[in-house]
Every structure is written in C-alpha cells, then in structure tokens.
Amino acid sequence: MNRHSLDEIRPRIQALEAMPAVPAIVLPLTAMLQLPSDQVDVDKIVELVSYDGTIAAQCLRMANSPLFGRRNTETVRSAVLALGLERIEAILLGCCLNRIVPPDKWAFDAVTFWRHSLGCALVSSKMARLIGYPDPEKAYLAGLLHDLGILVNTLACTEDFRACIQAARDGHVALHRSEEEHLGFTHCQSGKILADRWHFSGDVVEVIEFHHDVVAAPVGGPLVSLVHLSDLLCRLRDLGYGYYEAMGVDLAGDAAWATLVEHYPALAKMDLARLTMDIDGAMEEIVAIVDAVFKP
Amino acid sequence: MVETGIAKPVTESTAEDLRDPAYLKIRNMIYQISGIYQPDEKLYLLAARCARRMSEVNAKTPAQYLEHLTVRGDREAELRLLLNEITIGETYMFRSPPQLEALQKVILPEILKAKSAMGFKRLHLWSAGCSTGEEPYTLAMFLLEESEKMLAGWTFDILATDLNDNSLVAAKAGVYGEYALRSTTELLRRKYFRPYDDKRLQVADRLKSLIRFERVNLNDDSKMTFLKGMDLIFCCNVLIYFDLSSKRKVMQHFYSNLLPGGYLFLGHAESLYQVDDRFHLVHFPGAIGYWKPPVGYTGGGKP
C-alpha cells in the first residue's frame, strides 16, 4: 500500500466517533509541565492530582512504595513532594491519556507502551541536561508524548493496527515501517492530527509528527532530534515495543546526531556506551513507576 | 576472558603488603611486557595472584619475588606463570544472548550480503582472549546451527587465542561442567557434546575442527600484524586490565585485522570511549558493537 498524505487520512481519523475530546486536565497540565521546575506551583499540581480520586490514589501508592523509601505518606501534598514533579507529571499525563483507550482495545499492552513513553521522557531529559539543551522539561514532555499517534491508531483502526503490530513483530521491523505498509500512514501522521486538535504547542507537535523522519521536519529544531535519538536508544535497550527490532544503529552517523552536534557541540564528546549503561541502570525505576500506575 | 570479579586475597598479610613498592615494580613490568595494567585500586588483585606464585617458589616477600621475575635464569618462565595467574578466568557458554541475536538477525545478514556481492563465501571469526574456550565453542555452535540456513554454502573458521597456556590447554580439551553449560540447552548438549565423566561433557570433534587455538599476546605487534581478514572479533573483558596506550595500540591492530564492514565486540561493561575514534559505536537491541565502516561510508545511519 502506498503512503497516504496527511490530507487523505485526516477525514478517516477525524470522522471517528471514538476520537476523544482532550481530557480535562491535560491542557493545564502540559502548560505547567513546560515551566522550569522552580516556577511550577506545587499547590496547583496538588490540586490537579486531587481532582481525580484514582490518580490521587495511584500517587499515594507510588509514594508509599519501597522504591521511594517512604512510608505513611497520607496526603496528596506529601506524595507530590515525595515523588518529585517529573514523576507526578508522568503519572498524571499517563493516567489521563491511558483512559482514552478502553482496556479491550489495546493493540499492545498499556504497560509496554507507557514503559517506552516514560523511558523516552527520562532519556530525553537526561540527554538534554548532558548536552546543555536549555529546556529539559520540554524534552521530558515531548518524550512522554512522542508516540501519541499509537493511541490514535489503537482507537481509530484497532484491528488493522493489531495486524500491523503482529506483522512488525514477525518481521522484526520498526513499527512505523509496518504502519506504512499495512495502514498507509504512520502513528506520526495520526498523532499530529490529534495533537493539533488538542492544541499542543508547535514544537511538541513537530516531535510527534517527525520523530521518525527528522530530516523532513520543517523547523527541524534540536528537540525533534533529541527525542528521535532517545526513542532509538530506548528501543535498543529493552524499552521498546516489546518485540525484537532487527537493527544496528550508528547513532553518531544519524542525521539527528549531526543536527544536535551543530547546536550542542558537547554531544560530540558524549560517552555513548556509558549513557547506554546509564539507561540500563534507570530501567528499574522506569519499570517500577509504570507498573505501579498501569499494571492492573 | 579474564575474570572481572574480585579475588579474595590468599594471604592474611596482603593488605599490608600492598604498600610494598615491589608490587608497583611488578605491575609496571607486567604492563611493559603484556599491556595488562592494574590501577592502584586493583593492586590487591595483583598481590593475590603474586601470592600464589610466591608460595610456589618460596619467595618470602614481594621484593624477593621481584628477583625471581627479573634476575633469575628462569625469569621468563616465571613471568609467564604469573601472567597465567593474572589472566585466569572463568566464563560460560551462551553468556550474551543479545549479542548472538544481533549476529543472527542483523550482523550476519549484512556481512553475508556484502561478501556475496563480491563473490566471497568464507567467514573468519576471532575470539581474542578466549580463556578456556567457552566463547569460541559458543560461536562454533552458533555457526553450525546456521550452516543449514543462512550460512548454507558458506565456509567458516574461528581463531581462538589467549595469552594463558593453561587456559589454552583446557580450551583444546573442551571438557566442561555444569557451570560452563548452565545456559546451554539440552538440545545443543545432545548435538554437540559427548559424556566425559559423570559430571562433565566434552565438545564434539566437529566443533573443535572449526577452531584453531593459538597463544597470542595482543601486545605483540609482529604477531598482531599478521592476523588479517577478520569479519568479527570478540575481545570480552580482556582490555579492562590494559591501560590507555596499550588499549589504543590493540585497537589499531584490531581495526586493521578487520575487513571493512566487520565488527568488534567487547565485554558488556567495556567502553572504547576516548580509546579509539575510528570504530563506529553501533547499537543493537541489548548489545553494542564497534564497526569498521566500509570505504566511502559517510554516515547517514546504518542499513
């Protein structure tokens, strides 16, 4: 099947009755997530968490888990402080977005999807800090949301998407390649349509649309490249889509790498093998957070 | 492969002895000869290895043992025995499944395609620092398992080298117990091993016939220069004891030993960071390889 243009698939996505309205707290939340952490109003976050009983309960459960060494955290406020803003953000956003997909519709399981998204968020912000990218919070958010289109595909064409994932799994190929072949569009395109409708900021929309094709990004700022590389690293370190992707990636030979080095020369000196080992080291926490929030 | 774990000092007094300047001299001498380097924090490891040899030769102090290594007539033999102690290691078969999976699903298809296009049908692998043989036998089993599939019509051989004579003797014998075989499936055991005694198995001759065992010092420039035409080199947990300038030298050799498009694999915790900038670090799922790009490669990612 040929790859369809965005205009061709737009009606198919938008006509879907299942396509959800933006969950109420997502917009205030994403606005807040983009602030530097010292400008975030903790009371506002506590308010957002308290707004939803299930989310509040999940935050308390996390804060009381042995991983964070806390016991007897009883108020939402102390849970927010115990977990730290980045983790709370991930839990909030993950929970809201997770709810737009009914449990029986998941094409691959929610836990795998959120491990990858959270992994990409953490690696993006870590890499941002390492190379001196000025907005690690933005990198975190973009990493968390980069695969929004997978939720769209799950809802918009559940059965076709399942077949497409199975084909990717059997052929050990990248998901977006399998989407091109079996759906005629990728999660990058469908994610962009939903992100536009939800009025996400322009640079996050660009990440969603071009994280598999950074060269085609019209603005092509460092953020797209950063998330592209983090996404690759996660898929290479067991934080991918839950199947073997047959790939050998020369990250330093990637176009995204060249773009980033242009903006941030520090990247050229980065110890990639060590970063990879760091990611492996961070796995335990990522898995614990995601399991605490999303495991049934 | 060299043991990466922490060896228990064999004598009570080792900790105090570490201050003995003779250990620094021994360390520096070993470095000059073999390129194996023990940083100050790892001197206890060297002291433990020396202690075994010291009791053998009846040396009472490190300074006395240094004499055995420098002025006695049998100093070269003693030095070799000490090197054997230092590089003694233990490993097991199928130790790194992600590496084998990358070989099977990504690397071999890529290399086979490139070589067939040039009319070649032969593969050369090298296990550099093969210790007691677990790695080369693992590779031999892997290749034989593929010989009916993607390697149909291909020939292949494995060079397995180590500095340690004792390891090489054990490697050639190919007798393994439960520890070495703990990740080897029942099917592969039946296929490639025969019973040796009630606790151990011995590798079948068709595995051995694929492997050439040889004593090679990775620091021996004249020897290293001759080992050309490799498609894959495995050198796991060997360079960790080498200091920077020795590592650089070995890497230069490995780079010219490899054919363009070939790969070098190190141990999973080893990094070539700031050691060599000609190899490209290539990520595979769960494994990292160092790639010698073909002539004319200008980036743009990998196929």
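Predicted model: local features only at pLDDT ≥ 70, side-chain atom pairs only at ≥ 80, totals over all residues.

Reader: How many helices and strands does chain B have?

Author: Chain B has 13 helices and ten strands. Of its 303 residues, 40% count as buried. Where contacts in chain B link residues at least 6 apart in sequence, 77% of them join residues at least 24 apart.

Reader: In what order do the strands of the open sheet in chain B lie?

Author: In chain B, seven strands follow the order β6-β2-β1-β7-β8-β10-β9, with mixed pairing. β6 and β9 of chain B are the edge strands; each has a single partner strand, so one side of each lacks a neighbour in the sheet. On average, neighbouring strands of this sheet are turned by 25° against each other, direction ignored.

Reader: How many bridges join β8(B) to β10(B), and do the strands run parallel or antiparallel?

Author: β8 (residues 258–266) of chain B is joined to β10(B) by two bridges, and the strands run antiparallel. Opposite Y263(B) stands W291(B), in β10(B).

Reader: Which strands of chain B does α6(B) lie across?

Author: For a helix against a sheet, one notes the strands it crosses and the angle between axes. α6(B) lies across β7 (230–235), β8, β9 and β10 of chain B, and runs at about 175° to β8(B). α8(B), in turn, lies across β2 and β6 of chain B, at about 165° to β6(B).

Reader: Which residues of α8(B) are buried, and why are they on the same side of the helix?

Author: In α8 (residues 165–173) of chain B, S167(B), L168(B) and A171(B) are buried. They span an arc of only 95° around the axis, which places them on the same side of α8(B). The buried residues of α8(B) pack against β2 (155–162) and β6 (211–215) of chain B. Just after α8(B), G174(B) adopts a positive phi of about 65°.

Reader: Which residue other than glycine in chain B has a phi near 55°, and is that residue buried or exposed?

Author: The residue is F94(B), whose phi is positive, near 55°. F94(B) lies in the loop between α5 (75–86) and α6 of chain B. With 20 C-beta neighbours inside 10 Å, F94(B) counts as buried; the cut-off for burial is 20 or more.

In chain A, H199(A) also is not a glycine and has a positive phi, of about 60°. H199(A) belongs to the loop between α12 (187–197) and α13 (202–210) of chain A. H199(A) has 11 other C-beta atoms within 10 Å and is exposed, the limit being 12 or fewer.

Reader: How many residues does each chain give to the contact?

Author: An interface is read by counting the residues on each side, then finding the elements that supply them. Chain B gives 20 residues and chain A gives 22 residues. On the side of chain B that touches chain A, the elements giving two or more residues are α6 (97–117), β9 (280–284) and β10 (287–291) of chain B. The largest share of that side, five residues, is from β9(B). By class, that side of chain B has ten nonpolar, seven polar and three charged residues.

How values were computed. Residues numbered from 1 in each chain as written. Chains lettered and ligands numbered in written order. Contact = placed C-beta atoms within 7 Å. Helix = DSSP H or I, 4+ residues; strand = E, 2+ residues; numbered from the N terminus. Nonpolar A, V, L, I, M, F, W, Y, C, P; charged D, E, K, R; others polar. Arc of directions from axis to C-beta. Pairing = 2+ DSSP bridges. Axes fitted to C-alpha atoms, helices over the stretch in contact; angles between N-to-C directions.
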